[in-house]
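Please keep the sequence and the model in view while reading.

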Amino acid sequence: MPHKLSNLRTPVPSDIDIAQAAAPLPISQIAAEAGILPDELELYGKSKAKVHLSVRDRLKDAPNGKYIVVTAITPTPLGEGKTTTTVGLSQALGAHLGKKVFTCIRQPSQGPTFGIKGGAAGGGYSQIVPMEEFNLHLTGDIHAIIAANNLLAAAIDARMFHESTTDDVALFDRLTPAGKDGSRRFSPIMLRRVKKLGITKTDPNELTPAERSRFARLDIDPDTITWRRVVDTNDRMLRQITIGQGPEEKGATRVTGFDIAVASEIMAILALTTSLADMKERFGRMVIGSSRAGEPVTADDIGVTGALMVLMKDAIMPNLMQTIEGTPAFVHAGPFANIAHGNSSIVADQIALKLAGADGYVLTEAGFGADMGMEKFFNIKCRYSGLTPDCVVLVATIRALKMHGGGPKVVAGKPLAQAYTQENLDLLEKGCSNLVRHIGNARNFGIPVVVAVNRFKDDTPAEMELVRQLSKAAGAEDAVVSNHWAEGGAGALELATAVVATCEKPRKFKFLYPLEMSIKEKIETIAREMYSAGAVEYSPEAEKKIEVYTRQGFDKLPICMAKTHLSISHDPNLKGAPSGFTVPVRDIRASVGAGFLYPLLGTMATMPGLSTRPGYYDIDLDTETGRIIGLS
């Protein structure tokens with residue numbers, strides 16, 4: 001049962017000290033109070049569990065709760081506390097206002113956890129617990145993604161190797177070996193390829209030599225392969241590698257590389273799928289490259305879709321945890337927020353909305369600033385889920401707004417400049433242009449906005465009041481200062497009250513663009529309407545990809561812009577609310593299984609690197625007690 005915190009300490013201890021001092025309720029009790037039946041739960045110890053999708057089917061006729069997306073202004077490299085705000089707001093709604101509430105957030109990658117950012121369970125007295133389990137292996141979903149992703153990578157290279165050393169007759173014979181009686185059969189996945197080729201025969205022996213050749217030889221063009229291996233560690237030395245150097249590979253070398261695990265398309269699919277059947281279809285149509293004839297080659301063509309499903313069958317179930325004040329939380333999926341859509345899973349939101357019911361609330365968090373996670377939440381996630389939100393919570397900090405007003409550079413690991421620790425209303429007012437732009441962008445989707453000012457210790461009453469006034473003048477329904485980091489749900493009570501009231505306001509949700517628009521029209525609409533760009537410029541490579549994807553029939557997919565999160569624009573150095581700039585599209589890539597195209601606006605690092613002093617220096621295990629130390 002949700003419970004208010006007592007004995008809050010001042011100064012606020014470290015995140016891990018707070019988390020380890022908490023006494024989480026048994027997860028079976030959290031599930032029962034949320035309305036989840038025992039046979040709908042798969043326990044992973046005492047503090048976490050997976051929830052079967054069958055609960056959604058059981059409650060299919062139940063009304064949905066109110067749906068709230070939590071986003072933010074353009075952040076500093078330190079982050080502005082979206083997850084902390086999401087958790088604190090959940091605790092205020094559940095433990096203090098007595099509302100039925102669910103929190104839906106992403107699972108973090110091990111890369112940032114041991115790198116520079118630390119964990120992602122929230123902070124202070126607004127956390128998901130146990131935070132150690134949240135930030136580390138959880139229930140193994142990311143491990144399943146790594147296994148599935150790398151199985152497909154191995155299958156691609158194996159297929160190319162065998163095609164290069166085998167003629168068509170022998171290749172077909174090996175793919176459909178004859179039994180002792182001379183009979184052959186296609187496996188179910190092979191029949192999907194046969195159908196795709198327009199061949200109506202189901203007996204391999206009936207295929208003509210030409211049909212056998214078409215079936216057996218994918219003829220993948222190595223220069224078009226986009227599928228890379230993944231690992232969940234920041235390992236810069238794997239960004240580009242050469243494979244196939246062993247003597248038995250007979251010179252079949254190829255330059256490729258590794259991405260961080262959460263950048264895998266399989267992760268993006270996990271977040272956007274709605275069922276096992278839907279996930280199988282999405283896996284099957286993942287495009288790994290093209291044939292030399294220019295036709296897309298898919299996971300179905302490789303023959304690996306069923307095996308991917310076996311590896312991912314449990315990962316589709318959302319992970320149930322709890323906040324430090326005992327409100328339920330789904331932690332599920334964690335797609336990279338630069339090149340993917342940066343939102344937690346659709347199935348978690350769908351289940352939560354049914355469990356919350358008509359009088360309840362579901363908070364879902366969108367990664368990075370509103371120009372990134374929120375735009376993709378609306379235009380991609382809402383398209384595939386069929387859900388529309390009732391309210392946008394836009395998180396802002398005085399620190400970030402001062403940076404956008406021209407304040408000194410904010411660098412992780414270095415002390416803040418004096419401008420951020422002393423009152424400066426002029427600097428703050430200039431920086432509020434960023435906040436005003438994001439409020440307008442959210443309202444353009446037809447959804448009312450509440451601004452949550454995440455309070456830091458150096459913020460002054462005058463500064464906080466100025467942000468409140470400018471927010472409301474820009475069209476926000478309300479703007480509330482929240483102190484949930486130091487006070488838990490009690491510190492977000494005013495914010496919770498504002499959100500409850502705002503969820504009753506009129507809304508008229510609309511997408512930013514129709515899917516029928518051309519690829520360029522969709523890109524230019526986002527650049528113009530979300531970023532206030534003056535023009536879009538395409539490289540020759542991008543122009544080529546637009547032609548290829550249009551010819552291959554992928555032009556009706558939504559767009560997932562891959563750009564910096566440190567500016568509304570493509571340029572991380574442009575702070576505040578820039579306008580009139582030209583957006584350069586360097587390349588465009590396809591995540592056909594996930595269901596979007598992603599233009600690259602500049603260079604996107606899909607494998608982070610470790611700094612000189614990574615976070616792992618502070619992380620240790622007390623071998624006497626088994627207690628984890630230093631995780632943040």
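Two residues are in contact when heavy atoms of theirs lie within 4.5 Å. The model is a predicted one. The chain contains 23 helices and 24 strands. The points below begin with the whole chain and then turn to single sites.

**The chain as a whole**

- A compact globule of 632 residues would have a radius of gyration near 26 Å, and the chain, with 25 Å, agrees with this.
- Along its principal axes, the C-alpha trace spans about 80 × 55 × 50 Å.
- Of the 632 residues, 57% count as buried.
- Among contacts with a separation of 6 or more, 76% are between residues 24 or more positions apart.
- The accessible surface amounts to about 25,100 Å², and carbon and sulfur atoms make up 53% of that area.

**Residue T564**

- T564 is found in the loop between α23 (540–551) and β20 (582–585).
- Is T564 buried or exposed? Its relative accessibility is 11%, and buried means under 20%, so T564 counts as buried.
- Leaving aside residues up to four places away in sequence, T564 touches N338, M372, S569, H570, D571, P572 and M604.
- The side chain of T564 also reaches the backbone nitrogen of L566, at 3.1 Å.

**Helix α19**

- Helix α19 covers residues 461–473, which makes 13 residues. From its first C-alpha to its last it reaches 18 Å, close to the 18 Å expected at 1.5 Å a residue.
- Which residues of α19 are buried? They are E463, M464, L466, V467 and S471.
- On the face of α19 turned away from the buried side are the exposed residues P461 and A473.
- G475 follows α19 and has a positive phi, near 110°.

**Backbone exceptions**

- As background, most residues other than glycine have a negative phi, and most peptide bonds are trans.
- A cis peptide bond joins T10 and P11, with omega at about -5°. P11 is placed in the segment before α1 (15–21).
- Another cis peptide bond joins V129 and P130, where omega is about -5°. P130 is placed in the loop between β6 (126–129) and α6 (131–135).
- N7 is not a glycine, yet its phi is positive, near 60°. N7 lies in the segment before α1.
- Is N7 buried or exposed? The relative accessible area of N7 is 71%, and exposed means over 50%, so N7 is exposed.
- F368 also has a positive phi, of about 60°, although F368 is not a glycine. The place of F368 is the loop between β15 (361–365) and α16 (370–385).

Terms used. Residues numbered from 1 in each chain as written. Predicted model: local features only at pLDDT ≥ 70, side-chain atom pairs only at ≥ 80, totals over all residues. Heavy atoms only, no water. Helix = DSSP H or I, 4+ residues; strand = E, 2+ residues; numbered from the N terminus. Expected span 1.5 Å × (residues − 1). Buried < 20%, exposed > 50% of the residue type's maximum accessible area, 1.4 Å probe, protein only. Polar contact = N/O pair within 3.5 Å; in protein donor to acceptor, adjacent residues only side chain to side chain. Rg over C-alpha atoms; globule rule 2.2 N^0.38 Å. Areas by Shrake-Rupley, 256 points an atom, 1.4 Å probe, with all protein chains shown as cover.
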